[in-house]
Amino acid sequence: MTEEIIIAGFGGQGVLSMGKILAYSGIMHDQEVSWMPSYGPEMRGGTANVTVILSDERISSPVLTVFDTAIILNQQSMDKFEKSVRPGGILIYDPNGITHHPSRKDINIYQIEGAQVAAEMGNTKIFNMVILGAYMKLKPIVQLEYVIKGLKKSLPERYHKLIPLNEDAINMGMKHIKPYYLMN
Amino acid sequence: MGELKLMKGNEAMAEAAIRAGADAYFGYPITPQSEVIEYLMAEKPFERTGMVVLQAESEVAAINMVYGAGGSGKRVMTSSSSPGVSLKQEGLSYIAGSEIPCLYANVVRGGPGLGTIQPSQADYFQSVKGGGHGDYKQIVLAPASVQEMADFVKLGFDLAFKYRIAVLILSDGVIGQMMEKVELFDQVPRMTDAEIKEKYPWATTGKAKGTERRIITSLDLDSLKMEKHNHHLQAKYKLITENEVRFELIGCEDAEYVFVAYGSSARIAQKSMQLARKKGIKVGLLRLITLFPFPTKQIQTLCDQGIKGFLAVEMSAGQMVEDVQLSVNGRAKVAHYGRFGGIVHSPEEVELALEQILIGG
């Protein structure tokens, strides 16, 4: 079992840290993991993306151009990565700020109003955890208990008090994800 | 089992330096390698093990600090990325001439010149053919995972002191920046001054009364002596060639074709191998772990096995491919494929190159 994911959006949306939490959860799950970020000036204010691979086997290439799942959080990333989803794969996106919605008919497409849900929860910083929750609803490859364990491992102790809030955000993401286009 | 962590390649290398009992790190920041010095500064090994971490005023200063500390028998390391490593070449030539053991890493980015900060493997010639002046070699280790970024620090120090030679960890932006699971080895204690004095009779540890002066130098104006010194160096490189070749064979048992690659390109080629095998093409992978010494004999064994062709996959315009050609020596087809200038080839592109350039070309 191998899951190849691209998460793409603006720098500052928590794209890289969401990927990191996924990778940590994979380790808690005894999986092989790789996390390959875009790096350099494009991250600062521009687009940021990260490729995460979770697998039961040794991972070959950490660099990919085709993905099982794409999580897309801005228009530039939609333009770049909609075509990179493997036929039969999944595209999850936040419609906030999207002007050209995805149009492929050979993949399953879901929407999550991540920015809106996070704002309603009163903390826009948990946006990425809402998105993560939406993903986890569709791909139970990563289970909540491992994500919490992963958070405990990746966050400094002084932030552990925020873990319940992150858990709530994940649950809200699971609740609010909705299909946009489903293949027959 | 050691401690399991999720780390960037650069961070794993830095942590491994502390754990390998390094006495000092001298460096200067440059993307995509800056996490090495950032990690060390944040981790404060001077409090953990007494290891010195210093940001030098330049790459040139850093390599000459390595010369000084290494000459006194200390386990010392520096790291940089391509433009910075070019600056270090004079020092590395002196280190080769003076036979100073040391470890350095190049997290390669695209060139020439300042180039780009994105990954590349275009520093192969500089690394294995001698980037500085004179007849010299250095041991070049090519990690293909975060685990190897850590493990090769310990191995590198061991080889450096075994042969009194510079060992280069030749990485790139992919391996340096990516995070993977890494099992860290346990702390190796730093050597005491007394242990260094006893173990390394060449090291400049301070002259005691009644003992001979120890001189670390690359200079000898008597050319006959210098020729003799060069013969000694060449004998050492021959010994290394005989004893230290490292590689990994993947799926070569039934192969008709073989990818030859190192570092991130080896990881990518492994995926290309899976794609090609799904199409029924029998292809294997020879992953180089040491670039010097080069696994010439292994390539000849593959020729004996009846391999029809080798595709050298590297993020350069074609450098390592020359050593593959020399090893194959006309017995099979050899071709090169690679994107460069900061572009990383995809597994699909490499698989296509196998079909079109090697098999069909």
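Two interfaces under the rules

Mentor: Let's start between the chains of this predicted model: three salt bridges are counted between chain B and chain A.

Trainee: What makes Glu4(A) and Lys271(B) a salt bridge?
Mentor: Their closest N and O atoms are 2.5 Å apart. The rule asks for a side-chain nitrogen of Lys or Arg within 4 Å of a carboxyl oxygen of Asp or Glu, so the pair qualifies.

Trainee: Which elements of chain B touch chain A?
Mentor: Those giving two or more residues include strand E1 (3–8), strand E8 (179–184) and helix H12 (263–278) of chain B. H12(B) gives the most to that side, with five residues. By class, the side of chain B that touches chain A has 12 nonpolar, seven polar and seven charged residues.

Trainee: Why are strand E2 of chain A and E8(B) called paired?
Mentor: Two bridges join E2 (residues 32–37) of chain A to E8(B). Pairing needs at least two bridges, so they pass. The strands run antiparallel, and Trp35(A) has Met179(B) as its bridge partner in E8(B).

Trainee: How much area do chain B and chain A bury between them?
Mentor: About 2,100 Å², with 61% of it on carbon and sulfur atoms. In chain B, Leu6(B), Met179(B) and Lys181(B) lose the most area to chain A, together 30% of what that side buries.

Trainee: How do you know that the domains touch, and how many residues take part?
Mentor: Contact means heavy atoms within 4.5 Å. The contact takes 29 residues from domain 1 of chain B and 25 residues from domain 2 of chain B, so the domains do touch.

Trainee: Why is Asp323(B) with Lys129(B) called a salt bridge?
Mentor: Their side chains meet at 2.7 Å, N to O. The cut-off is 4 Å, so this pair gets the label too. Between domain 1 and domain 2 of chain B, the count is three salt bridges.

Trainee: And how many residue pairs are in polar contact across that domain interface?
Mentor: The rule finds 15 there, both residues at pLDDT 80 or more.

Technical notes. Residues numbered from 1 in each chain as written. Chains lettered and ligands numbered in written order. Predicted model: local features only at pLDDT ≥ 70, side-chain atom pairs only at ≥ 80, totals over all residues. Heavy atoms only, no water. Polar contact = N/O pair within 3.5 Å; in protein donor to acceptor, adjacent residues only side chain to side chain. Buried area = accessible area lost by both parts, 1.4 Å probe. Helix = DSSP H or I, 4+ residues; strand = E, 2+ residues; numbered from the N terminus. Nonpolar A, V, L, I, M, F, W, Y, C, P; charged D, E, K, R; others polar.
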